[in-house]
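Hi,

Here is the structure I promised to pass on. Have a look at it first, and then read my notes below.

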Amino acid sequence: MTHAMLKGSNVPIEATAVRAVLRWAAGQNSPDVDASALLLGPDGRVRSDEDFVFYNQPRHPSGKVWRLGKKRVSDGLTDTIQTDLSGVESAVGQILIVASADDEQGEPVRFDRVRSLRILLYDATDADAEPLAYFDVKPETGEETALICGELYRRGGGWKFRALGEGYANGLQGLATNFGILVDESAAAAADLTATTQTPAPEISAPLPPEQPPTGVPSQPAYGYPPAAPTRQPTQPAYGYPHPQPTPATTNGPAYGYPQPTAAALDPDFRLPPQGPQFIGR
């Protein structure tokens, strides 16, 4: 038997696993609706962010609550949360079934634009069974952008389902924050910025700089034969043969050709020998 529920009413659940299906009418201007679930502890709040099952975290770590995803049916579109009630941790006393609406840009949309929203509860162990219960969810003000459609809760060793229809005007983020989910966009943005600034820059393949010549070697190419030793060489290229030794020459100018053999001064009494006939002019 299917129970048609009113807001605030409840029904016992004998099934060991259930599917909570959100269904709404499809249309050209109809916004997209997403189903989510919040697992609450004895204090009515989540134990950690992992207790929030939604499109970015579609499965609870326990594996007992998960989002099946959207389908197109004859009556419109659906999104479904499935729960294995027999395996839910004892610390979880409530499971909220939540609906949120967004536009194409991901911005929250008021539920006065969502037509024929209904939550249906099925026995997940029987694929062909009729719904156990259904509840037509109607926003009270039309300004709501997120709705708690119903809740599964423990009672006397078993489970029950209550029809709620409670709305929030600040979207899924505001609703989740109200039950203990930590949502801090500024901190997340700062963390992204920090991660970006701390990321090492990619290595760029660039040609190595030209190898520098060893100390004492001329910076310009040597024309002719290179110096015999790299120490105390002239800073300019040597044209012709280099000096055999680094002893400086007696002349102040550059020595072209062969250098003087010694650095001794000329004898003042030195005279040239007589010239041969080959030097006599005609």
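Let's start with a question: is Phe54 buried or exposed? Phe54 is buried, with a relative accessible area of 16%. Here buried means under 20% relative accessible area, exposed means over 50%, and partly exposed is in between, with a 1.4 Å probe and protein chains only.

Before going on, a word on the model. It is a predicted one, so local features need pLDDT of at least 70 and side-chain atom pairs count only at pLDDT 80 or more, while totals for chains, interfaces and linings use all residues. Residues are numbered from 1 along each chain as its sequence is written, and side-chain values use heavy atoms, with hydrogens and water left out.

**Aromatic rings**

The structure has two aromatic pairs. Phe52 and Phe54 make a stacked one, at 4.3 Å centre to centre with 10 degrees between the planes. Rings of Phe, Tyr and Trp (its six-membered ring) pair if their centres lie within 6.5 Å; planes under 30 degrees apart count as stacked, over 60 as edge-to-face and the rest as tilted. Both Phe52 and Phe54 are buried. Phe54 also pairs with Tyr55, this time edge-to-face, at 5.2 Å centre to centre and 65 degrees between the planes. Tyr55 counts as partly exposed, at 37% relative accessibility. Together, Phe52, Phe54 and Tyr55 form one aromatic cluster.

Two arginines sit over rings as well: Arg59 lies over the face of Trp66, 4.8 Å from the ring centre, and Arg162 lies over the face of Tyr153, at 4.2 Å from the ring centre. The rule is that NZ of Lys or CZ of Arg is within 6 Å of the ring centre and within 35 degrees of the ring normal.

**The two sheets**

Helices (H or I, at least four residues) and strands (E, at least two) are DSSP runs, numbered from the N terminus. Two strands pair if DSSP finds at least two bridges between them.

E3 (residues 17–24) and E7 (residues 76–84) pair in the antiparallel sense over eight bridges, and Trp24 stands opposite Leu77 in E7. E6 and E7 also run antiparallel, joined by eight bridges, and a hairpin of two residues links them. Trp66, the ring under Arg59, stands opposite Gln82 in E7.

Another open sheet of six strands runs E2-E12-E11-E8-E4-E5, with antiparallel pairing. Strand E2 (10–13) and E5 stand at its edges, each with a single partner strand, so one side of each is left without a neighbour. E5 pairs with E4 in the antiparallel sense over two bridges, and Ala37 stands opposite Val53 in E5.

**The helix**

H1 packs on this sheet, touching E4, E5, E8, E11 and E12, and its direction makes about 30 degrees with that of E11. Contact means heavy atoms within 4.5 Å; axes are lines fitted to C-alpha atoms, for helices over the stretch in contact, and angles run from 0 to 180 degrees between N-to-C directions. Which residues of helix H1 (residues 171–178) are buried? They are Gly171, Leu172, Gly174, Leu175 and Ala176. Just after H1, Gly180 takes a positive phi of about 105 degrees.

Cheers
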